[in-house]
Amino acid sequence: MSTDTHAPFDKKPESPRSTGELIRLEQVTKRFGNHTVLDHLDFSVDAGKHVTLIGPSGSGKTTILRLLMTLLKPDEGTITVDGERLFPAPEKQVREVRKKIGMVFQQFNLFPNMTVLRNITEAPVTVLGLSKDAAEERARELLEMVGLTDHVDKHPAQLSGGQQQRVAIARALAMRPQVLLLDEVTSALDPELVAGVLDVLRDIARSTDITMLCVTHEMNFARDISDQVLMFDSGRVIEAGPPEKIFSEPEHDRTREFLSAVL
Ligand SMILES: Nc1ncnc2c1ncn2[C@@H]1O[C@H](COP(=O)(O)OP(=O)(O)OP(=O)(O)O)[C@@H](O)[C@H]1O
Ligand SMILES: [Mg+2]
């Protein structure tokens, strides 16, 4: 049992982490008007694994993450997180299950009127009911991990894009989610800032047991951190496997075409 209750991650969780399937989508259909983006999609992510979604623009990758964040609702199907229904489910249950999921967006989405520290402590205090002191202690540890200890009192506009994105990563982790959703988190950054953010994510992938579901066009990063890569096209998983298989010996023409365009 861990005694370090303020550790930024549950490296040694007080209660055993879930094993087996952490996320499960069954027969999920999502339409926008008469455009069916996801068509009876089945897929699952096992606890502790790092799964990367790749595929062409418009294939539905972000839609999957938005469904998991409950920013969208499926038209059909079920979504289960850690054995509990996220959809369909009563509102109270949705709020509870949602706490298991953290997300980092392409556009950071920090609160512009709050300091870096407050950006990170706000939700742990208001949603999890942590004391201000405990939330700040955890926030400072997370800021150290993402290399931003000198910036705690700044506002987002005073930071570079890469720094803002590292704050956003710390903010997501402050809620101690079981799964971290990452949607092209480096694609809005200037090229010289990308490596720093990817290094932070590599470090998280290596040093924690957090489950990651990641959409990225950074294929080297995907190859490094992924246990499994899912090739997505037109709302379906057309090929799945370990990165060495998908990147070196893809089976589908569509995967080969896609990779030759992005690699
Ligand atoms: N709110 C919305 N209203 C209408 N159509 C939408 C909406 N959100 C997404 N779509 C459509 O759904 C499809 C899938 O979008 P999604 O954002 O999931 O794609 P993606 O795989 O993330 O693409 P990209 O790689 O460009 O980010 C696209 O055709 C998009 O235009
Ligand atoms: Mg997208």
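Start with the crossover: β7, helix α6 (residues 191–207) and β8 form a right-handed β-α-β unit. Right-handed means that, with the strands pointing away from the viewer, the path from the first strand over the helix to the second runs clockwise. Helices (H or I, at least four residues) and strands (E, at least two) are DSSP runs, numbered from the N terminus.

Two housekeeping sentences. This is a predicted model, where local features need pLDDT of at least 70 and side-chain atom pairs count only at pLDDT 80 or more, while totals for chains, interfaces and linings use all residues. Residues are numbered from 1 along each chain as its sequence is written, chains are lettered from A and ligands numbered from 1 in the order in which they are written, and side-chain values use heavy atoms, leaving out hydrogens and water.

Confidence next. pLDDT is the predictor's confidence in each residue, from 0 to 100. The protein averages 93, and 93% of the residues score at least 70. Residues 1–7 fall below 50; beyond near neighbours in sequence, that stretch has 12 contacts in the model. A contact means heavy atoms within 4.5 Å. Residues 11–15 also stay under 50, with six contacts beyond four places in sequence. Where pLDDT is low, the predicted coordinates should not be read in detail.

Back to β7, residues 179–183. Is it buried or exposed? Five of its five residues are buried, where buried means under 20% relative accessible area, exposed over 50%, and partly exposed in between (1.4 Å probe, protein chains only). In a regular strand the side chains alternate between the two faces of the sheet. In β7 both faces are covered: V179, L181 and D183 on one side, L180 and L182 on the other.

What does β7 pair with? Strand β6 (residues 101–104) runs parallel to it, joined by four bridges. Strand β8 (residues 211–215) is also parallel to β7, through five bridges. Two strands pair if DSSP finds at least two bridges between them. L181 stands opposite M103, and in β8 its bridge partner is L213.

Now the other sheet. Four strands make an open, antiparallel sheet, ordered β2-β1-β4-β5. Its edges are β2 (35–46) and β5 (84–87), each pairing on one side only. The twist averages 25° from one strand to the next. Helix α1 (residues 61–68) packs on this sheet, touching β1 (21–32), β2, β4 and β5, at about 115° to β1. Helix α2 (residues 91–98) packs there too, touching β4 and β5, at about 105° to β5. Those axes are lines fitted to C-alpha atoms, for helices over the stretch in contact, and angles run from 0 to 180 degrees between N-to-C directions.

Most residues other than glycine have a negative phi, and most peptide bonds are trans. H40, in strand β2, has a positive phi of about 50°. T70, in the loop between α1 and β4, has phi near 60°. The F87 to P88 peptide bond is cis, with omega near -15°. P88 sits in the loop between β5 and α2.

Last stop: S226, in the loop between α7 (219–225) and β9 (228–233). Why does S226 count as buried? Because its relative accessibility is 8%. Its side chain makes a polar contact with the side chain of T52, at 2.6 Å. That term means a pair of N or O atoms within 3.5 Å; within protein, one must be able to donate a hydrogen and the other to accept it, and residues adjacent in sequence count only if both atoms are side-chain atoms. The backbone oxygen of A222 lies 2.5 Å from a polar atom of the S226 side chain.
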